[in-house]
Amino acid sequence: MENLVKQRLFAGGYEGTSVFVTGHTGFKGSWLCEWLLAMGASVTGYSDKVDDGPTMFRALGLEKRITHIIGDVRDPDMLVSAIDAARPDYVFHLAAQPLVRLSYDEPVTTFETNVMGTVNVMEALRRLNQSVACVLVTSDKCYENREVLSGYREDDPLGGYDPYSASKGAAEIAIHAYRRSFFMSGDSRVRVASGRAGNVIGGGDWSADRIVPDSARSLMANQPIHVRNPFATRPWQHVLESLSGYLWLGALLAGQCQTARVTTPVDASEGFNFGPLPNANRTVEALIEEFLTHWPGTWTHTNDGSAHHEAALLGLSVERAYHKLDWSPVLDFEKAVALTASWYRDTFNNTIAPRSKTLADLAFYVNAAASQEVAWAS
């Protein structure tokens with residue numbers, strides 16, 4: 001971990017800072033907390049629960065290494081108190097109801113959490129009497145999906161067929177309204193931007209109804225992987241790709257760094273896509289077949305009888321992040337899958353402890369980024 005501090009990633013913008021993370025007990029939130037700690041940040045996490053069963057949060061032992069708060073983003077008073085107490089330099093808002101299929105069963109909770117939870121975070125920042133940079137995480141599914149081959153750009157229409165996707169589109173509209181109404185004046189101490197990531201994979205995700213954790217559970221039980229929609233295409237990316245985008249965006253918002261193609265602070269009136277290169281847009285079948293090259297097994301196409309709509313085609317354009325943030329993905333599709341499969345396989349076989357494997361994957365990613373001379377690792 002000391003090596004990551006010495007490397008001064010993101011221009012050293014997080015060393016010695018206070019960072020507030022909502023949704024820190026989730027898959028992406030846990031990876032983010034581990035990376036922040038490795039860079040010398042003090043982390044406060046705010047989440048409504050720790051899920052039953054295996055979680056990345058428990059695997060990393062985060063409860064004893066950060067300020068761990070159980071709280072709901074739908075509770076504005078508690079959220080304000082927690083943010084005031086943390087006095088954060090940065091806020092990363094990841095708390096969400098993140099599952100498409102669950103949103104059909106719990107649409108009200110999905111909208112309350114994903115829209116009003118985001119509004120409550122921004123309201124808390126309005127009342128915070130200090131400078132803060134905030135990255136609000138939504139989803140690649142915030143766009144009105146027309147099932148087209150080209151990747152969606154940030155100025156494409158927002159929308160969503162299912163409650164989850166629609167809630168993320170609505171959250172983006174709320175973020176835009178708050179930026180324009182409250183955070184763009186010259187005396188505003190708050191700088192906000194939104195991040196929209198692709199379909200994130202990586203070790204330690206144990207969510208239900210997600211293809212990678214479902215695959216890992218099946219392989220652990222020596223059972224075939226059941227695949228609902230093998231021909232659906234998604235922009236697969238390793239979790240560290242999206243997190244590098246969020247962290248770089250946060251550092252730029254805070255005015256910490258500058259590159260040849262970036263002037264600071266970043267225009268806070270925009271959202272940014274963080275996705276893979278176009279050739280990483282693959283079918284679910286291709287993902288499973290690649291996964292099985294690292295952990296042999298079988299899969300079967302299963303119709304579970306669900307009548308719920310699931311998009312067949314989805315892609316992202318990252319041109320805005322490349323040109324305005326000097327950000328680009330580091331890992332190709334094959335390496336992203338290899339890191340993901342080996343995390344589950346090696347920790348299941350007790351070849352390596354989960355935290356050690358996580359730190360090894362983080363070090364590999366950082367070194368790969370440095371060798372490619374990406375801005376945040378240079």
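Colleague: Is Arg153 buried, exposed or partly exposed?

Modeller: This is a predicted model. Arg153 has a relative accessible area of 38%, so Arg153 is partly exposed.

Colleague: Which residue forms a salt bridge with Arg153?

Modeller: Side chains of opposite charge can pair when their charged atoms come close. Here the partner is Glu319, with 3.1 Å between the closest N and O atoms.

Colleague: Which parts does the pair of Glu334 and Arg282 tie together?

Modeller: The salt bridge itself has its closest N and O atoms 3.3 Å apart. Glu334 belongs to helix α12 and Arg282 to strand β11, so parts 52 residues apart in sequence are tied together. Glu334 has a relative accessible area of 33%, and Arg282 has 25%.

Colleague: How many salt bridges does the count come to?

Modeller: The count is 20 salt bridges. Among them is the pair of Asp72 and Arg74, at 2.8 Å from N to O. Glu154, Glu270, Arg320 and Lys324 are linked in a network.

Colleague: How many disulfides are there?

Modeller: The count is 0. For Cys134, the nearest cysteine sulfur is that of Cys33, 15 Å away. The sulfur of Cys142 has its closest cysteine sulfur in Cys134, at 16 Å, which is too far for a bond because a disulfide needs the two sulfur atoms within 2.5 Å. Cys134 is buried, at 0% relative accessibility, and Cys142 is buried at 0%.

Methods. Residues numbered from 1 in each chain as written. Predicted model: local features only at pLDDT ≥ 70, side-chain atom pairs only at ≥ 80, totals over all residues. Heavy atoms only, no water. Buried < 20%, exposed > 50% of the residue type's maximum accessible area, 1.4 Å probe, protein only. Salt bridge = Lys/Arg side-chain N within 4 Å of Asp/Glu carboxyl O. Helix = DSSP H or I, 4+ residues; strand = E, 2+ residues; numbered from the N terminus.
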